[in-house]
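Subject: Structure for you to look at

Hello,

Here is the structure I promised to pass on. Please open it first, then read my notes below.

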Amino acid sequence: NTVKDVVVQPDGKLLVAGNFSNYNGIAFKRMVRLNADGSIDTSFNVGIGFNFMVYSVVLQPDGKIIVSGSFTTYKGLAVKKVIRLLPNGDWDTSFTIGTNPDGTPNLLVLQPDGKILCAGDFTTFNGVASNKLIRLHSDGSVDTSFSVGTGFVGSIYAITLQSDGKILVGGSFSTYNGQTNKRIIRLNSDGSQDNSFSSGTGFSGGIVRSIALQTNGNILLGGS
């Protein structure tokens, strides 16, 4: 089945996640770590894994792994839709998001300060209204200094951080916080719209699925 995300660790190992139930004929539910040659890294133990899909994985500098998806259990234990694993695959219970979001968190981006941008189909997260995008502290709690107002109408598919802390967001959305923004927008570090970035009428349809920054500051966008 589907692979949704791959993260290359500094040591060359690969964190692979998605909706699969086996790798190379061996049962691995939704997540596995591979050595650089493609063999299974047996030092990373996911046990019976996740019961539903993993959408996004980010690696912290300390080796801990933040995972989001539609799952409700990990290794047979009840968990919320965003959890953190230790480098060996154990569940890191010091990271907790409180009550479940009301939709699937399907995209994670780690900021240099350790905070986590989390996007998805939710409208509330741990009881806080935050339509499609929220920022978490490094312990999983909601960062209330970041606000999206009424949020996005439509879905988010791509987030890229600029070196100045501003946030480029792409997707299928048509408005942000009540203002027309078709498929691309730039936010300030507090979640407010950066009005110095103007896409005019934006994209006429489809989805912005990928955003990349060039060294000269120009922005490459890909999608449908």
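How many helices and how many strands are in the protein chain? Zero helices and 23 strands. Keep in mind that this is a predicted model.

Overall form first. The radius of gyration is 18 Å, close to the 17 Å that the globule rule gives for 224 residues, so the chain is as compact as a globular protein of that length. Along the principal axes, the C-alpha atoms fill a box of roughly 50 × 35 × 30 Å. Of the 224 residues, 46% count as buried. Take contacts between residues at least 6 apart in sequence: 34% of them join residues at least 24 apart.

The largest nonpolar core has 22 residues. Those touching the most other members are Met 31, Phe 50, Val 57, Ile 65, Val 67, Ile 83 and Leu 85. Five strands each supply at least two residues of this core: strand 2 (14–18), strand 5 (31–34), strand 6 (54–59), strand 7 (65–69) and strand 10 (82–85).

Val 67 is worth a click. Leaving out residues up to four places away in sequence, Val 67 touches Met 31, Phe 50, Val 54, Ser 56, Lys 81, Val 82, Ile 83, Leu 85 and Leu 108.

Last, the surface and charges. The accessible surface comes to about 10200 Å², and 50% of it belongs to carbon and sulfur atoms. The chain has 18 positive and 15 negative charges, with mean positions 7 Å apart.

Best wishes

Conventions. Residues numbered from 1 in each chain as written. Predicted model: local features only at pLDDT ≥ 70, side-chain atom pairs only at ≥ 80, totals over all residues. Heavy atoms only, no water. Helix = DSSP H or I, 4+ residues; strand = E, 2+ residues; numbered from the N terminus. Rg over C-alpha atoms; globule rule 2.2 N^0.38 Å. Buried < 20%, exposed > 50% of the residue type's maximum accessible area, 1.4 Å probe, protein only. Contact = heavy atoms within 4.5 Å. Areas by Shrake-Rupley, 256 points an atom, 1.4 Å probe, with all protein chains shown as cover. Lys, Arg positive; Asp, Glu negative; His and termini not counted. Charge placed at Lys NZ, Arg CZ, Asp CG, Glu CD. Core = buried A, V, L, I, M, F, W, Y, C linked by side-chain atoms within 4.5 Å.
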